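Please keep the view open and find each residue as its point comes up.

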Amino acid sequence: MNGFENMVLQGKIGEEDFIEYCHKNNLIVEDKTNDKEFQAIDVDFIVNGYYTELKTDNLIDKTGNFPIELIHHRKTGDRNGWYYYTQATYIIRYSRKSKRLYVLYFNKCKDYLLEHFEKRKWFDKQDNNYVTGLLVKVKDLQELGFLRIIDIEQ
């Protein structure tokens, strides 16, 4: 299995874990992961009426960074990252290792992020491409009131 196939598999497992969490907590969740209209606006779920994007991320616990993707640099050319086209109210990074949801209140902080954090470029091993974006410390987002961490096993 190559890196991309593994990333897709990890994402599917993360989606299943997220749906299970929503059901256990009496949240109304609509799965839009296979809906082309919602894929175009980078929305995976509607949770209690809110557009939500879920990204499985097993590095967030290790790095302490919440990556904000501005540009994907691909062999076929650059393309905008999710920051520019998502219509999600919440961007959630899910760590399968720690069973934590890192819930970013994106509609609350979108403009603030670009104004206060430095753009960086990094190599995404899972995607096998470079990304330009913001690597914002989870603790900084929490202190600013833009991020909540939920342990899904409690």
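**Notes on the predicted model**

1. Lys55 and Asp42 are both buried, where buried means under 20% relative accessible area, exposed means over 50%, and partly exposed is in between (1.4 Å probe, protein chains only). Before going on, please note that this is a predicted model, in which local features need pLDDT of at least 70 and side-chain atom pairs count only at pLDDT 80 or more, while totals for chains, interfaces and linings use all residues. Residues are numbered from 1 along each chain as its sequence is written, and side-chain values use heavy atoms, with hydrogens and water left out.

2. The side chains of these two residues, Lys55 and Asp42, meet in a salt bridge with an N to O distance of 3.5 Å; the term stands for a side-chain nitrogen of Lys or Arg within 4 Å of a carboxyl oxygen of Asp or Glu. Because Lys55 lies in strand E3 and Asp42 in the loop between helix H2 (36–39) and E2, the pair ties together parts that are 13 residues apart in sequence. Helices (H or I, at least four residues) and strands (E, at least two) are DSSP runs, numbered from the N terminus.

3. Which other residue forms a salt bridge with Lys55? The partner is Glu53, with the closest N and O atoms 3.1 Å apart. Glu53 counts as buried at 4% relative accessibility, and Lys55 is buried with a relative accessible area of 14%.

4. Strand E6 (residues 90–95) deserves a careful look, since five of its six residues are buried, so it is largely enclosed by the rest of the structure. Five bridges join E3 to E6, and these strands run parallel; two strands are said to pair if DSSP finds at least two bridges between them. Within this pairing, Ile92 in E6 is the bridge partner of Leu54. Six bridges join E6 to strand E7 (residues 100–105), and here the strands run antiparallel, with Tyr94 standing opposite Leu101 in E7. The hairpin of E6 and E7 has four residues between the strands, and Lys99 takes a positive phi near 60° in it.

5. Arg93 lies in strand E6 and counts as buried at 7% relative accessibility. Its side chain makes a polar contact with the side chain of Asp57 at 2.7 Å; such a contact is a pair of N or O atoms within 3.5 Å, and within protein one must be able to donate a hydrogen and the other to accept it, while residues adjacent in sequence count only if both atoms are side-chain atoms. Leaving aside neighbours within four places in sequence, Arg93 is in contact (heavy atoms within 4.5 Å) with several residues, including Lys55, Asp57, Phe66, Trp82 and Tyr102.

6. An open sheet of four strands has the order E5-E4-E9-E8, with antiparallel pairing. Its edge strands are strand E5 (77–80) and strand E8 (120–124), each of which pairs on one side only. The twist averages 40° from one strand to the next, given that axes are lines fitted to C-alpha atoms, for helices over the stretch in contact, and that angles run from 0 to 180 degrees between N-to-C directions. Four bridges join strand E4 (residues 65–74) to E5, and Arg74 stands opposite Gly77 in E5.

7. Where is Asn26 placed? Asn26 is in the loop between helix H1 (3–24) and strand E1 (29–31), and has a positive phi of about 55° although it is not a glycine. Asn26 is exposed, with a relative accessible area of 70%. Asn48, in the loop between strand E2 (45–47) and strand E3 (50–56), has a positive phi near 50° and is likewise a residue other than glycine; Asn48 is partly exposed, at a relative accessible area of 39%.
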